[in-house]
Amino acid sequence: MLNNILSIHPDILIIDPFTNPENKLPLIKNIIKRQESIKVIILTNIMSQQYLYEAIRIGVKAYLKKSASLSEIIECIKDDENEFHLKMTSEFERLKKQEPA
């Protein structure tokens, strides 16, 4: 999977790393490490504090719920800043407030 993704040199990767029992965050970390310019957006229904912090740590640019609207996804894609984007559902708000320093 890694070689397939890297062979096409995408600017953006939208992925749900939790579609099967295997956590693909290590794969995403490797992709970002090998192609630093890629913008990775996680689109998932898994709202886990552990995964959110790991995603921020490895360089994911956005972590969205699968219910995000097309305009929310496009907004994340168009954003040129290096800030992490988090669409604030009540669960995300709770997780963000607990983020360790």
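**Entry 1: S2 and its partners**

I began with the pairing of S2 and strand S3 (residues 62–65), which run parallel and are joined by four bridges. I count two strands as paired if DSSP finds at least two bridges between them. Helices (H or I, at least four residues) and strands (E, at least two) are DSSP runs, numbered from the N terminus. In this pairing, Thr 44 stands opposite Lys 65 in S3. I then followed the path of the chain from S2 through H3 to S3 and found a right-handed β-α-β crossover. Right-handed here means that, with the strands pointing away from the viewer, the path from the first strand over the helix to the second runs clockwise.

A note on what I am looking at: this is a predicted model, where local features need pLDDT of at least 70 and side-chain atom pairs count only at pLDDT 80 or more, while totals for chains, interfaces and linings use all residues. Residues are numbered from 1 along each chain as its sequence is written, and side-chain values use heavy atoms, with hydrogens and water left out.

Next I turned to S1, which runs parallel to S2 and is joined to it by four bridges. Ile 12 stands opposite Lys 39 in S2, and Ile 14 has Ile 41 as its bridge partner there. S1, H2 and S2 also form a right-handed β-α-β unit.

**Entry 2: How enclosed is S2?**

I asked how many of the six residues of S2 are buried. Six of the six are, so S2 is largely enclosed by the rest of the structure. Buried means under 20% relative accessible area, exposed means over 50%, and partly exposed lies in between (1.4 Å probe, protein chains only). Both faces of S2 are covered, with Lys 39, Ile 41 and Leu 43 buried on one side and Val 40, Ile 42 and Thr 44 on the other. S1 has one covered face, made of Leu 13 and Ile 15, and an uncovered one, made of Ile 12 and Ile 14.

**Entry 3: Helix H2**

Which residues of H2 are buried? I noted Leu 25, Leu 27, Ile 28, Ile 31 and Ile 32. Seen down the axis of H2, these buried residues fall within an arc of 155°, so they line one face of the helix. The arc is that of the directions from the helix axis to the C-beta atoms. On the other side of H2, I found Pro 26, Lys 33 and Arg 34 exposed. The cover over the buried residues of H2 includes H1, S1, S2 and H3.

**Entry 4: The cores**

I looked up the largest nonpolar core, which has 21 residues. Such a core is a set of buried Ala, Val, Leu, Ile, Met, Phe, Trp, Tyr and Cys residues joined through side-chain atoms within 4.5 Å. Among the residues with the most contacts inside this core are Leu 13, Ile 28, Val 40 and Tyr 63. Two or more residues each come from helix H1 (2–7), strand S1 (12–15), helix H2 (25–34), strand S2 (39–44) and helix H3 (49–58). H2 gives the largest share, five residues. Apart from this core lies another, of seven residues, including Ala 62, Ala 68, Ile 73 and Cys 76.

**Entry 5: Two single residues**

I picked Ile 77, which lies in helix H4 (residues 70–78). At 31% relative accessibility, Ile 77 counts as partly exposed. Leaving aside neighbours within four places in sequence, Ile 77 is in contact (heavy atoms within 4.5 Å) with Ile 12, Ile 14, Lys 39 and Ile 41. The C-alpha atoms of Ile 77 and Ala 62 are 9.0 Å apart, and 15 residues separate the two along the chain.

Then I went to His 9, in the loop between H1 and S1. His 9 has a positive phi of about 50° although it is not a glycine. With a relative accessible area of 59%, His 9 is exposed.

**Entry 6: The whole chain**

Last, I stepped back and noted five helices and four strands, which follow the pattern α-β-α-β-α-β-α-β-α along the sequence. Of the 101 residues, 42% count as buried. Among contacts between residues at least 6 apart in sequence, 56% join residues at least 24 apart.
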